[in-house]
Every structure is written in structure tokens, then in C-alpha cells.
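Subject: Structure for your review

Dear colleague,

Please find below the structure that I am handing over to you. My notes on it follow directly after.

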Amino acid sequence: MEKTIAAVATGNAAGGLGVIRISGEKAICMADKVFRPLDGSSLSDLKGYRAKFGSIIFDGETFDDAVALVFRAPKSYTGEDVVELSVHGGLFIIEKTLEAIFAAGAVPAEPGEFTKRAFLNGKMDLTQAESVADLISAQGETAAKASYNALQGALSKRINGVLEMLTDSSASMAAWVDYPDEEIPELDDQALADTLESARITLEELLKTYENGQAMIQGIDTAIVGRPNAGKSSLMNLLSGREKSIVTTIEGTTRDVVEEVVRLGELVLHLNDTAGLRESNDEVESIGIERAYQKIESAMLVLPVFDCSRPLNDDDLGLIEKCKNKKTVAIINKNDLPTAADISLITAAFTDCVFISAKNCTDTGELEAVIKKVIGASDFDASAPLLANQRQKLCCQRALEDINEALTCINSGITRDAVNVLIDDAINELLSLTGKKATVEVVNNIFSKFCVGK
Ligand code: GDP
């Protein structure tokens, strides 16, 4: 028998309410020991999806009013009996209620254990379980939509469609090989190739949208770079809506990378304001400049900032060179001042430029639209099935490799046995993606990244 577990579901901070979740065979009887309904009834007599108002009792003492919500297995989040106790959200009250539940026999839930039980009890597959964590950590509308979509099973449905095609083919081939005396028609090469081709297209489409999906769900790693005083920190502050980076006229003020996560309309940007790029003899500043160059390399998006009120210098020209082959939106800053820079050098080097006054600007709409275009987010469809993480991507990639190899085998007339083995490998990869065949290590690893209470 699984132990009955309990944890705070509402996080470790004071609030209007705190919810403690209890799940397991003895959840209702344990809740009965700490919760007394006002009408003198008992939770054990309550049907599922019903609530009672009452009080929390510990050591014979009443210390809070509460509402108990009862779910009966299998119609609950975990698939087990579940009680959710809503108490006042003070940290002491929550702790005390939890202590009372532990004293009644429950054990502390491990990270992600509620969702893990939901997965193990068949309430959701692995992609849906992973989307719970994504939904909770979503920082923007698109990320939340995409994660909710995954929770509803969008990716699972797409993968299961491919699995069905592959298992049908595999079963037909196996039957034909295993029962030569029966009159089972051999699956012809063309039909098999058509099935594999269709599976290939679906998996390739999923892999193609992976990077965009990651950018939209996890946020876009963005480097703000430029020579000292170009207006990098001002841009950072404009985007973050507060004074995060220190804005001064003294060159070399930002000596290291300043990071901030900001929401720009539907986009989430992980901004990195870097040290001004220039020749420097200062050891600390030089390290900062080196890091700025590294950030240009590693970032998904670069925002090179140019001060149009000063002529371009070698540092600007060097920056233009460094940004080649990167996804960039050139920021031509200080457009409230007379222009002294040769702007044509910038517009010739960058397809996408935004003229702005980071100091005076209040509307970031144009910048958002251009970034969306450069990142490929303009036509991003959050309601389409998406691979949400590296694990899912790798499973999909390996399945695709197997399918491609199987297609090559068919085209070069290699025996059906080899094709069958490859199709089975692809099936296994997809089953581990959805969790039907995931190893214990993979499952434990996924849920260990959740927080307690999820
Ligand atoms: P950074 O060194 O690239 O981070 O540049 P800062 O953001 O610290 O800005 C340097 C100086 O330029 C500060 O005095 C800012 O107030 C000023 N500045 C930044 N953006 C603008 C702008 O759009 N117009 C004007 N006139 N001044 C600006």
C-alpha cells in the first residue's frame, strides 16, 4: 500500500489562504482526525467533490477555521483519495495544520509526488505531468497557453497518432513472419514506406518548432551589448520598467553582466546587460568585456545598441562584425538627439533596426514586433503540439533517426527483420516520451525537479 502523503500546495509564503493537500488510501480518515465539520458530521461519510466548513484541531485545541474538500479515488488529481484543507494562509497556521496531519499518520510528500502519483495511476502521461511544472513556472501568456495545451494532451495525442501507425505496421509484419502457414497478406513495401513517411513528417514538424517553442515557453536569452554610454542600461531599464542597471555617464559603469527577466507583450526575455565594449587596461573591466563577447556567442538574441548622436568608432564596427550570423535587432538609440553617426553602416549590416530613445521612450510595441519577427514568434501557434524540453526532443529525434533508417532499408531492399527492429526501436522511443515505457530513473529524475506540494 502506498503511504498517505501530505504537503502544502500553496507555496512557502503567507497569503489569504493556505491549502494543504493529503493523498492516499487513508487521506480521508487522517483528515477526520484533524478536521471537525461544524455540523458534527464526518468527512468519511462525505461523497467526492463535496466540501465542509469546520475547524482544525490539534492536541485537543482548535486553532483555525477551515474548509475541507474531499475527492474520492479515482476521481482526483492523483487518482487516490484526496483531501484539500484550506486554512488561513499564515505560515504558522499552515505549519501547525501540516504537523497535525503528520501526527495523524501522513508522511511528507516528496518533490512532485502528487503529480508522480497522478502519472503512475494513469491520470496523465509523462508529457502532461511535465506540463504541470511548466504551467506553474510560466512567466508569460504564450508560455501558459502552450503548457495548458500540453496538459490537455496535445502533444500526447500527436505522438499517440504516430505510435498507432507504427504499431499497426509492426504487428502486421510480425504476424506475417511468425505465422507463415496462415494466409496473412504481406505488408507491401509501398504501404510500409507511406506509413513511415507520414510518421517522419509528423516528427520532423515537431522538431522544427522546438527552438521557437523553447523561446516562447522558457524565454529568450537576450544579450544587450554596445560601447560604453550607448544606452544599454537605459534600454534594460526601459524593458524592465525599473532602475535595475545603473545609468550614469561614467564609462565602464556596468562591469559585469546584469540579468533580468522581463515580459515584453507575449514574449519573455532573459535580459543580460553587459559591460561596455571598449579597449580597457582595467583588469576587472576587461573580464566584463570578455564576458560580453561570450554572451554575444551564447545568446539566442542580441540587441546591439548604437548611440546615433556620436560618430561610430572601432568598437561599434567591431560589434557589427561580432553580431554576424546571430539573430539581432539593432537598436539605434538616442534618436531624440541630432544624428552624428553614419547610420547607413548599421542599416546595411542589420536587416532589423529599431530607432529609439531609450531614455524617453514609453512605448515598446515596435521593439516587441521586430523581436517577434526575428525570433520567428510572429507565426508561433501556442495551441499546436510542442516538444517542451530536451528529454522530449531527444526521444523524438531518436525515433526519427530509426524511422529514417527503416526507410533507407526498405528502399535498398534490406530484409524486413531489420526494418521491424528499427520500427520497434522508434516505438520504444516514443513510448518513453509519453512515459508508457520510461525507466524508473527517468521518471524519478523528472519529478525530482518539481517542488514539494506539486
Ligand atoms: P550604457 O553605458 O550603454 O549602459 O549607457 P547608459 O544607459 O548608462 O546611458 C549613458 C548615458 O546616456 C546616460 O546619461 C543616459 O541618461 C543617456 N541616454 C541613454 N539613452 C538616451 C537617449 O535615448 N537619449 C538621450 N538623450 N540620452 C540617453
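This is a predicted model: local features need pLDDT of at least 70, side-chain atom pairs count only at pLDDT 80 or more; totals for chains, interfaces and linings use all residues.

Ligand site

An oxygen atom of the ligand lies 2.8 Å from a polar backbone atom of Asn229. An oxygen atom of the ligand is also found 2.8 Å from an N or O atom in the Ser233 side chain. On the nitrogen side, a ligand nitrogen is 2.9 Å from an N or O atom in the side chain of Asp336. The protein buries 88% of the 570 Å² that the ligand exposes when taken alone.

Salt bridges

Side chains of opposite charge can pair when their charged atoms come close. In this model there are 15 salt bridges, and several of them are described here.

Asp221 and Lys295 pair through their side chains, with an N to O distance of 3.2 Å. Asp221 is partly exposed, at 26% relative accessibility, whereas Lys295 counts as buried at 15%.

Arg227 and Asp316 form another salt bridge, with N and O 2.5 Å apart. Arg227 sits in the loop between S8 and H9 and Asp316 in helix H11 (residues 314–322), so this pair ties together parts that are 89 residues apart in sequence. Arg227 is buried, with a relative accessible area of 8%, and Asp316 is buried as well, at 1%.

The salt bridge between Arg398 and Glu429 has its closest N and O atoms 3.2 Å apart. Because Arg398 lies in helix H14 (residues 390–411) and Glu429 in helix H15 (residues 416–434), the pair ties together parts that are 31 residues apart in sequence. Arg398 is partly exposed, with a relative accessible area of 37%, while Glu429 counts as buried at 17%.

Beyond these pairs, a network of salt bridges links Glu2, Glu80, Glu113 and Arg117.

Surface patch and buried residues

On the surface, a nonpolar patch is formed by Leu38, Phe53 and Val67, which together have about 300 Å² of accessible area. Val67 is part of strand S5 (residues 61–71). With a relative accessible area of 34%, Val67 is partly exposed; patch residues must have over 30%, so Val67 passes that cut-off.

Two buried residues in helices may also be noted. Ser147, in helix H5 (residues 141–151), is buried at 3% relative accessibility. The Ser147 side chain reaches the backbone oxygen of Ala143 at 2.8 Å. Ile93, in helix H2 (residues 91–103), is buried with a relative accessible area of 17%. Between Ile93 and Ile56 there are 37 residues of separation in sequence, and their C-alpha atoms are 9.6 Å apart in space.

Backbone geometry

Most residues other than glycine have a negative phi, and most peptide bonds are trans.

The peptide bond that joins Ala73 and Pro74 is cis, with omega at about 5°. Pro74 is located in the loop between S5 and strand S6 (82–88).

Tyr49, although not a glycine, has a positive phi of about 60°. Tyr49 lies in the loop between strand S3 (35–37) and strand S4 (50–58) and counts as exposed, at 54% relative accessibility.

Asn325 likewise has a positive phi, near 65°. This residue is found in the loop between H11 and strand S12 (330–333), and Asn325 is exposed, with a relative accessible area of 83%.

With kind regards

Definitions and conventions: Residues are numbered from 1 along each chain as its sequence is written. Side-chain values use heavy atoms; hydrogens and water are left out. A polar contact is a pair of N or O atoms within 3.5 Å; within protein, one must be able to donate a hydrogen and the other to accept it, and residues adjacent in sequence count only if both atoms are side-chain atoms. Accessible areas come from the Shrake-Rupley method with a 1.4 Å probe; for residues, only the protein chains shown count as cover. Patches are made of residues with over 30% relative accessible area and no salt bridge: like charges are joined within 9 Å, nonpolar side chains (Val, Leu, Ile, Met, Phe, Trp, Tyr) within 5 Å. A salt bridge is a side-chain nitrogen of Lys or Arg within 4 Å of a carboxyl oxygen of Asp or Glu. Helices (H or I, at least four residues) and strands (E, at least two) are DSSP runs, numbered from the N terminus. Buried means under 20% relative accessible area, exposed over 50%, partly exposed in between (1.4 Å probe, protein chains only).
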